[in-house]
Amino acid sequence: MTRIAVVAGSTRPGRRSMQVAEWVLKRAREHGGAEFEILDVADFDLPLLDEPKPPSLGNYQQDHTKRWAAAVKGFDGFIFVTAEYNHSVPGALKNALDYIYAEWNNKAVAFVSYGSAGGVRAVENLRLIAGELQMADVRAQVALPFATDFRDYTTFTPSDGAEQALQPLFGQLISWSAALQTLRK
């Protein structure tokens, strides 16, 4: 069975990423077609990149890196749930992406973003990063503006449009994740 991780990409206190990630996970499981689970960057306590060798060599020295690599390796695809910080990706998510390399290769990725402008600029950055990590990013994405999808800018209350946007995202991601398995064998 194809395995897909919903990656909660913010570690900031009071973050919204877990509210959004739990919604995505619930809807993904209702959709079916793959196994889904949350992979929370905050659970790994990754310090600012401290590996002495480039990740592309795969010669990880730190125990936290090895644990992170093992967790990521077990998935065929990813849904990155990301906030937008200063027109870009949260530092913790960028750091987590930079720690490892081969574990991301030839896997599919989709994006659910949130922020004042729906987080779309963070996704633009993530698409570039995904390309360098040899990930296949699907076209469908979900952008959640604070003004329409968060009550009082804090409590996640997805709009009908957000709910509808998830369906093509799941369809594309599941298809691409399954198709890319052949490249990894």
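This is a predicted model: local features need pLDDT of at least 70, side-chain atom pairs count only at pLDDT 80 or more; totals for chains, interfaces and linings use all residues.

Me: OK, what is the strand order in the open sheet?
Reply: The five strands run in the order E2-E1-E3-E4-E5 with parallel pairing, where strands are DSSP runs of E with at least two residues and helices are runs of H or I with at least four, numbered from the N terminus. Two strands pair if DSSP finds at least two bridges between them.

Me: And which are the edge strands?
Reply: They are strand E2 (35–40) and strand E5 (135–145), each of which pairs on one side only. From one strand to the next, the twist averages 20°.

Me: How many bridges join E1 to E2?
Reply: Six bridges join strand E1 (residues 3–8) to E2, and the two run parallel; among the partners, Ala8 is bridged to Asp40 in E2.

Me: Which strands does H1 touch?
Reply: Helix H1 (residues 17–31) packs on the sheet and touches E1, E2, strand E3 (77–83), E4 and E5, with its direction at about 170° to that of E2. Contact here means heavy atoms within 4.5 Å, and the axes are lines fitted to C-alpha atoms, for helices over the stretch in contact, with angles from 0 to 180 degrees between N-to-C directions. Helix H4 (residues 120–132) also packs on the sheet, touching E3, E4 and E5, and its direction makes about 170° with that of E5.

Me: Is Val20 buried or exposed?
Reply: Val20, found in helix H1, counts as buried at 0% relative accessibility, where buried means under 20% relative accessible area, exposed over 50% and partly exposed in between (1.4 Å probe, protein chains only). Not counting residues up to four places away in sequence, Val20 touches Val81, Val112, Tyr114, Leu144, Phe150 and Phe156.

Me: Changing topic, how many aromatic pairs are there?
Reply: There are 14 aromatic pairs, counted when rings of Phe, Tyr and Trp (its six-membered ring) have centres within 6.5 Å, with planes under 30 degrees apart called stacked, over 60 edge-to-face and the rest tilted. The rings of Tyr114 and Phe150 have centres 5.9 Å apart and planes at 45°, so that pair is tilted. Tyr114 lies in strand E4 (residues 107–115) and Phe150 in strand E6 (residues 150–151), so the pair ties together parts that are 36 residues apart in sequence.

Me: Which other ring does Phe150 pair with?
Reply: Phe150 pairs with Phe146, with ring centres 5.0 Å apart and planes at 75°, so this pair is edge-to-face. Phe150 is buried, at 3% relative accessibility.

Me: Last one, what joins Ser10 and Tyr85?
Reply: A polar contact of 2.6 Å joins their side chains, the term standing for a pair of N or O atoms within 3.5 Å; within protein, one must be able to donate a hydrogen and the other to accept it, and residues adjacent in sequence count only if both atoms are side-chain atoms. Ser10 is found in the loop between E1 and H1 and is buried, with a relative accessible area of 0%.

Note on methods: Residues are numbered from 1 along each chain as its sequence is written. Side-chain values use heavy atoms; hydrogens and water are left out.
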